[in-house]
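Subject: A structure for you to look at

Hi there,

Here is the structure I promised to pass on to you. Have a look at it first, and then read on for what turned up in it.

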Amino acid sequence: MDARWTDRPIHDAEKTLFGVIGVSYDISDLKATQDALRGRERQLADAQRLAHVGTLERNHRTGQEVWTDEIYRIFELDPSVTPNLDRLLKFVHPDDRERVMNGRRLARETGKSFEDIARIIVPSGLKYIKGTGQVLVDASGAQERLLMAVQDITAQKQTESEIAL
């Protein structure tokens with residue numbers, strides 16, 4: 001059994017210690033749930049790494065963003081970099097940037113999901129990515145957050161080019 005122990009001293013009117021009250025909590029279920037969650041998080045991270053798919057989420061109210069490790073790997077960024085979607089957009093090839101920005105703007109205006117293939121320029125060279133996203137709304141219909149998946153499809157594009165030859 002996993003347990004958590006809490007105790008408190010008991011004092012009389014003169015502030016003299018005359019006892020201790022202790023309570024023990026069985027936290028076995030909590031520990032099992034935390035272990036299962038860590039296992040699922042590890043499994044998801046492995047799946048994203050194998051499929052070269054990263055996800056990012058941006059809270060429209062707070063501006064806070066969360067990126068998965070694979071986003072950092074695709075864009076070849078140090079994991080200490082603060083998540084910022086505008087930073088990622090700077091990697092988009094200049095010839096693709098306007099189209100990508102228009103798709104993002106249209107999604108925000110209409111609330112519809114979007115999908116696009118674009119080139120990015122990273123330190124190792126040119127990559128192709130497929131971005132799929134959706135603006136999620138709260139119960140009142142107000143935009144709450146942006147959820148995006150980004151897949152590195154460079155190998156697929158290279159194979160397509162080789163087959164076309």
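Let me start with a term you will need: a salt bridge is a side-chain nitrogen of Lys or Arg within 4 Å of a carboxyl oxygen of Asp or Glu. Please keep in mind that this is a predicted model.

With that rule, K130 and E115 form a salt bridge, because their closest N and O atoms are 3.6 Å apart. K130 is partly exposed, at 28% relative accessible area, whereas E115 is exposed, at 53%.

How many salt bridges does the rule give? The count comes to 17.

- E57 and R145 meet through their side chains, at 3.2 Å from N to O. This pair, too, links distant parts of the chain: E57 belongs to strand β3 and R145 to strand β7, 88 residues apart. E57 counts as partly exposed at 32% relative accessibility, and R145 counts as partly exposed at 26%.
- R99 and D96 form a salt bridge with their closest N and O atoms 3.6 Å apart. Both are in helix α4, and because they are 3 residues apart there, about one helical turn separates them. R99 counts as partly exposed at 38% relative accessibility, while D96 counts as buried at 6%.

E57 and R145 also belong to a network of salt bridges that links them with R61, D138 and E144.

Now for the sheet. Strands of a sheet pair through backbone hydrogen bonds, either parallel or antiparallel. Here, 5 strands make an open sheet with antiparallel pairing, in the order β4-β3-β7-β6-β5. Its edge strands are β4 (65-67) and β5 (114-122), each of which pairs on one side only. On average, neighbouring strands in this sheet are turned by 20° against each other, direction ignored.

Helix α4 (residues 94-110) lies across β5, β6 (125-137) and β7 (143-152), and runs at about 145° to β5.

Leaving out residues up to four places away in sequence, G54 touches several others, including I71, I74 and M148. By contrast, Q34 is 20 residues from G54 in sequence and 23 Å away in space, C-alpha to C-alpha.

Q134 lies in strand β6 and is partly exposed, with a relative accessible area of 39%. Among the residues Q134 touches, again leaving out those up to four places away in sequence, are F114, R145 and L146. Q134 and L146 are 12 residues apart in sequence and 5.9 Å apart in space, C-alpha to C-alpha.

One last thing to find is a nonpolar surface patch of about 270 Å², made by I21, V23 and Y25. Y25 is in strand β2 (residues 17-26) and is partly exposed, at 42% relative accessible area.

Enjoy exploring!

Best wishes

Conventions
Residues are numbered from 1 along each chain as its sequence is written. This is a predicted model: local features need pLDDT of at least 70, side-chain atom pairs count only at pLDDT 80 or more; totals for chains, interfaces and linings use all residues. Side-chain values use heavy atoms; hydrogens and water are left out. Patches are made of residues with over 30% relative accessible area and no salt bridge: like charges are joined within 9 Å, nonpolar side chains (Val, Leu, Ile, Met, Phe, Trp, Tyr) within 5 Å. Accessible areas come from the Shrake-Rupley method with a 1.4 Å probe; for residues, only the protein chains shown count as cover. Helices (H or I, at least four residues) and strands (E, at least two) are DSSP runs, numbered from the N terminus. Buried means under 20% relative accessible area, exposed over 50%, partly exposed in between (1.4 Å probe, protein chains only). Two strands pair if DSSP finds at least two bridges between them. Axes are lines fitted to C-alpha atoms, for helices over the stretch in contact, and angles run from 0 to 180 degrees between N-to-C directions. Contact means heavy atoms within 4.5 Å.
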